[in-house]
Amino acid sequence: MTDPVTEVVSLLKPSPSISKLVTGGGQWMVERTELGSPFYCAIVEGRCLMTIAGRETMVLTEGDFVLVPKIFSFTMSSMEPPPRGALAQRLETSPGVFRLGDPEAPTEIKALVGHCAFGSDDKALLVSLLPEVIHVHGEERLMALVRMINEETRADRAAREMVLHRLLEVLFIDAIRSSASAKAPPGLLRGMADPLLAPILRRIHADPGRSMTVETLAQEAAMSRSTFFDRFRKEVGVAPMEYATGWRMALAKEYLREDVAMADIAQRVGYGSTSAFSVAFNRHVGMPPGAYSRAATAAA
């Protein structure tokens, strides 16, 4: 059976950029602006504060894992932060190992921190389907995956980049499913937690080329059109056909980068002709498929 979460993560193409071991003692604070990258952190020992823009401050303790797929400003600090404007103390003691705060103070926290990038040029759509912040506690699998990524980053082994990409994909998928519930914010996870909507989402992903309308999807969900439309928009965060079209176009972009024939792409993503597909793609992406394909080839 098609797994929409796996497909979204696969299309995002997460790739590691930085992985480091961070220790801290005394008073310290680090700040990140929105110009940063997707971020994850596993607290190995101790505790600290984390404040993400627009959210309440979180206390992170040993065994906590945080994943922030979106680009948010945030701060991390000792339990007693230094005064605002104080000179940040940050020292790289060895490659990939950083000390925060007073080098002479006892170590009060140890964390594995990583940054990554998304290779997809449709990441805004795909990331919007995921939770803005994932915070889970006591998931040893996640802690083990972060340790493996950190160790692989330090090693000079064969196929290192491929292993890192695969580990990061598994980390994202495991983090997402660890947080999946009906209490999640509107998005793919909450839709997948709905027993009536989950089969519809799987069918949209499994067969994007089939003919579908709000009416046919509602019939498959055994709901009236209005009830289905309202429920889908409430749980997933977008209207049903907006979701289906966005997913179709994300796939179309991937096929164009793979140099699949235009007629085949049109059929795979549910359009009866190349001209109908071209019009829809141009409307959604802002350029014709041929122009997008040439631009993607040039960028590669």
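This is a predicted model: local features need pLDDT of at least 70, side-chain atom pairs count only at pLDDT 80 or more; totals for chains, interfaces and linings use all residues.
Visitor: How many helices and strands does the protein chain have?
Guide: Helices (H or I, at least four residues) and strands (E, at least two) are DSSP runs numbered from the N terminus. Along the principal axes, the C-alpha atoms of the protein chain fill a box of roughly 70 × 45 × 35 Å. The protein chain has twelve helices and ten strands.

Visitor: What percentage of the 300 residues in the protein chain is buried?
Guide: Buried means under 20% relative accessible area, exposed means over 50%, and partly exposed lies in between (1.4 Å probe, protein chains only). By that criterion, the buried share of the 300 residues is 47%.

Visitor: What share of the contacts with a separation of 6 or more comes from residues 24 or more positions apart?
Guide: A contact means heavy atoms within 4.5 Å. Among contacts in the protein chain with a separation of 6 or more, residues 24 or more positions apart account for 71%.

Visitor: How are helices H9 and H11 oriented to each other?
Guide: Axes are lines fitted to C-alpha atoms, for helices over the stretch in contact, and angles run from 0 to 180 degrees between N-to-C directions. Helix H9 (residues 240-257) packs against helix H11 (residues 274-285) at an angle of about 105°, with the axes 11 Å apart. Angles under 35 degrees count as roughly parallel, over 145 as roughly antiparallel, 65 to 115 as roughly perpendicular and the rest as oblique. H9 and H11 are therefore roughly perpendicular.

Visitor: Why are the buried residues of helix H6 placed on the same side?
Guide: In helix H6 (residues 198-206), the buried residues are Ala198, Ile200, Leu201, Ile204 and His205. The arc is that of the directions from the helix axis to the C-beta atoms. These residues are on the same side of H6 because they cover an arc of only 165°.

Visitor: Which residues does the face of H12 turned away from its buried side carry?
Guide: In helix H12 (residues 289-299), the buried residues are Pro289, Tyr292, Ser293 and Ala296. They cover an arc of only 100° around the axis, which puts them on the same side of H12. What covers them includes H9, helix H10 (262-268) and H11. The face turned away from that buried side carries the exposed residues Arg294 and Ala298.

Visitor: With which side chain does the side chain of His115 make a polar contact?
Guide: His115 lies in strand E9 (residues 109-118) and counts as buried at 11% relative accessibility. A polar contact is a pair of N or O atoms within 3.5 Å; within protein, one must be able to donate a hydrogen and the other to accept it, and residues adjacent in sequence count only if both atoms are side-chain atoms. At 3.4 Å, the partner is the side chain of Ser37.

Visitor: How far apart in space are Ile109 and Ile43?
Guide: Ile109 is found in strand E9 and is buried, with a relative accessible area of 6%. Not counting residues up to four places away in sequence, Ile109 touches residues including Val22, Thr23, Trp28 and Ile43. Ile109 and Ile43 are 66 residues apart in sequence, and their C-alpha to C-alpha distance is 7.7 Å.

Visitor: What is the phi of Lys13?
Guide: Most residues other than glycine have a negative phi. Lys13 is in the loop between H1 and E1 and is partly exposed, with a relative accessible area of 30%. Its phi is positive, near 55°.

Methods. Residues are numbered from 1 along each chain as its sequence is written. Side-chain values use heavy atoms; hydrogens and water are left out.
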